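Subject: Structure for your files

Hello,

Here is the structure I said I would pass on. My notes on it follow below the entry.

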Amino acid sequence: MREIITKYELIDKQSWSNFVKNHPLGNVFQTPEMFAVYQCAANIQPYVVAATCDGEVEGILVAQWMTNGGKLAAWITSRSIIMGGPLAKDNNSEIIEALLEAYKALVPIKTIYTEIRPIYNSTQMFNYLATKKWIRKGHYNIVLPLDKDVDTLYHQMHKERKRNVQTAIKSLRQYLFDLENSLMINYDPIIAEKIQDIVALIRQTYARKHVPISYLDMFEKVLDILGNYAHFFACYAQDGKMIAGQLRLCYNEMVYAWFAGSDEEYFKQRPNDFLMWNVIVWAQGNGYQLFDFGGGGEPGVEYGVRDYKMKYGCEIYDYGRMLYSHRPLTYFCAQLAYKCYHKLKK
């Protein structure tokens, strides 16, 4: 008999983990560990819905509900993101519908919209959701297959990326570090400080792009909770200053480009290209099959970030996103205000 559970503490964590690990579309964002990470963020409220049968998980949905600003701003900024989910056994539509209906009853009434962002091709689920008042939006996913040797990966990059890597090699200390979970067991304060340096670079980068980000406080717990699912990387200038840092998520066959930041004063030394290339080499050397560069914007709309990512030899897919508007009029007004805000910031 199927049961729907909406309380984290009542879900069997081992069954949950096994289900996600063995699902063809399983990804780190639907794991119990990621739910626990979201719990550490002041401005994120995570929600989980599990479908079980005879005690075994056969469906899971993890969502991150967030907002910007105070209580008043919440009414025009509150939204919920479902990364890589929901997941259902055999992609069963009945399970998916049960998960989503229970989820809709959980989220606050002020929620403007929910967006499903797939990690893999989810056409079958999207076709079903289109019959349930969900709207598909075109959106690119950019992926680099790693099933090649390092020389091939290097030579397939755009000449500009290769030139920038060589520029960086001449000017940077070739120091790349990966903070393993084992280093955090004794909580080395020097390593903790390095993580905070990376977080500071991420904060600077988002501010430079006028993109709000208010949940970086969760990163200090990432290694404790995610273990080897999370890796921090950084590189330094010759004076020893950290000038670029990345946080990558590693799960099953995939490395996911989660967050990154850099110091714009050192852009001429090309630290972003240098660090990205080294992380690609690290991922390939550790047996991962895919490097997910994240989103590439909407089809037909110019997007400089997409152009940058594609120059690493990536492949591009329109996996799309699914949108459910809880408050349609507010959603329309919020989208209009967001576009005006970015035009004024240019």
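The protein chain exposes about 16,600 Å², and carbon and sulfur atoms supply 52% of that area. Please keep in mind that this is a predicted model. Of the 346 residues in the protein chain, 50% are buried. The secondary structure comes to 13 helices and 15 strands. Among contacts between residues at least 6 apart in sequence, 71% join residues at least 24 apart.

Strands 11 and 12 make a hairpin with 2 residues between them. Asn252, in the turn, has a positive phi of about 50°.

Strand 12 is also joined to strand 13 (residues 290–295), in this case by 3 bridges and in the parallel sense. Here Tyr256 stands opposite Asp292 of strand 13. Between strand 12 and strand 13 the chain passes through helix 11, giving a β-α-β crossover that is right-handed.

Aromatic rings

A pair of aromatic rings is described by the distance of the centres and the angle of the planes. The count for this model comes to 18 aromatic pairs. One of them is Phe233 with Trp282, an edge-to-face pair at 5.1 Å centre to centre and 70° between the planes. Phe233 belongs to strand 10 (residues 230–237) and Trp282 to helix 11 (residues 271–285), so this pair ties together parts that are 49 residues apart in sequence. Phe233 and Trp282 are both buried.

Tyr317 and Tyr319 form a stacked pair, with 5.6 Å between the centres and 15° between the planes. Tyr317 is partly exposed, at 34%.

Ring pairs also link Phe29, Tyr206, Phe219, Tyr256, Trp258 and Phe259 into a cluster. Tyr256 is the residue already mentioned as standing opposite Asp292.

Two single residues

His139 lies in the loop between strand 7 (135–137) and strand 8 (141–145). With 11% relative accessibility, His139 counts as buried. Leaving aside neighbours within four places in sequence, what is His139 in contact with? Its contacts are Gly295, Gly296, Gly297, Glu298, Pro299, Tyr317, Asp318, Tyr319, Gly320 and Arg321. Tyr317 and Tyr319, the stacked pair described above, are thus among the residues that His139 touches.

Ser325 is in strand 15 (residues 321–325). Its relative accessibility of 24% makes Ser325 partly exposed. The C-alpha atoms of Ser325 and Thr114 are separated by 6.5 Å, although the two residues are 211 apart along the chain.

Regards

Methods
Residues numbered from 1 in each chain as written. Predicted model: local features only at pLDDT ≥ 70, side-chain atom pairs only at ≥ 80, totals over all residues. Heavy atoms only, no water. Phe/Tyr/Trp six-rings, centres within 6.5 Å; stacked < 30°, edge-to-face > 60°. Helix = DSSP H or I, 4+ residues; strand = E, 2+ residues; numbered from the N terminus. Buried < 20%, exposed > 50% of the residue type's maximum accessible area, 1.4 Å probe, protein only. Contact = heavy atoms within 4.5 Å. Areas by Shrake-Rupley, 256 points an atom, 1.4 Å probe, with all protein chains shown as cover. Pairing = 2+ DSSP bridges. Right-handed = clockwise from strand over helix to strand, strands pointing away.
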